[in-house]
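Hi,

Here is the structure I said I would pass on. Have a look at it first, and my notes follow below.

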Amino acid sequence: MALETGLLLLLPLSLGLASAQKTLAEVPVQSVFDAQKVEGRWVTIHLATSRTHLVSPEDPFRLALYAVWTRDRDLEFVLFWTGEGVCKGVNVTVHPTELPGQYQGSFEGGSSMLVRFVSTDYRSLLLYVWFKDAREVTNLWALLARRVFADPKWLGKYQEYVRKFRLQEAPVFNLDAPCALPTA
């Protein structure tokens, strides 16, 4: 009986892992991608995640994307943490993979991330981020634009992915660089 119970408990876990792997395989990437054209300031229009508690409206701390820069072949995301008297700039560098429009990075403690530029006309951008820490995998989708305007075409594409991957909308935070940028 204990063996059967253990196997029953493993089944949902294995199905969940297979589902996560299938989901990653289902995420498209823009085949013709020019990293130089995504450089500069971006505004987050919509955000959805598989773990909404990470971006709760009640949380006093906020993470906002400010800009994307190229560093040789790498990409650097400039982010800001704010809240409760704290404002700190953070740079996250990711490295290209063999797949155009896909980048990966790792962090202290064993966390890793994969970034896919799903689709862009370089004025609007659908971005997918897969983040794995010691305990969980988080899927994050963002609709970004050069200015605060939700192009209906891009909003529709974004909403299709949110439905397809059963994600939850998350609060959006944008900052106008209120604290010092991190040093390179």
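There are two salt bridges in this structure, which is a predicted model, so keep in mind that every value here is computed from that model.

One of the salt bridges links R71 and E76, with 3.0 Å between the closest N and O atoms.

R123 is exposed here, with a relative accessible area of 56%, and D121 is partly exposed at 24%.

Now for the strands. Where does β9 sit, enclosed or open? Strand β9 covers residues 137–145, and seven of its nine residues are buried, so the rest of the structure largely encloses it.

- β2 (residues 43–49) runs antiparallel to β9, with six bridges between them. If you want a landmark, L47 stands opposite A142 of β9.
- β8 (residues 124–132) is also antiparallel to β9, joined to it by nine bridges. Here W130 faces N139 in β9 as its opposite residue, and a hairpin of four residues connects β8 to β9.

As you click along a strand, remember that in a regular strand the side chains alternate between the two faces of the sheet.

Cheers

Key
Residues are numbered from 1 along each chain as its sequence is written. This is a predicted model: local features need pLDDT of at least 70, side-chain atom pairs count only at pLDDT 80 or more; totals for chains, interfaces and linings use all residues. Side-chain values use heavy atoms; hydrogens and water are left out. A salt bridge is a side-chain nitrogen of Lys or Arg within 4 Å of a carboxyl oxygen of Asp or Glu. Buried means under 20% relative accessible area, exposed over 50%, partly exposed in between (1.4 Å probe, protein chains only). Helices (H or I, at least four residues) and strands (E, at least two) are DSSP runs, numbered from the N terminus. Two strands pair if DSSP finds at least two bridges between them.
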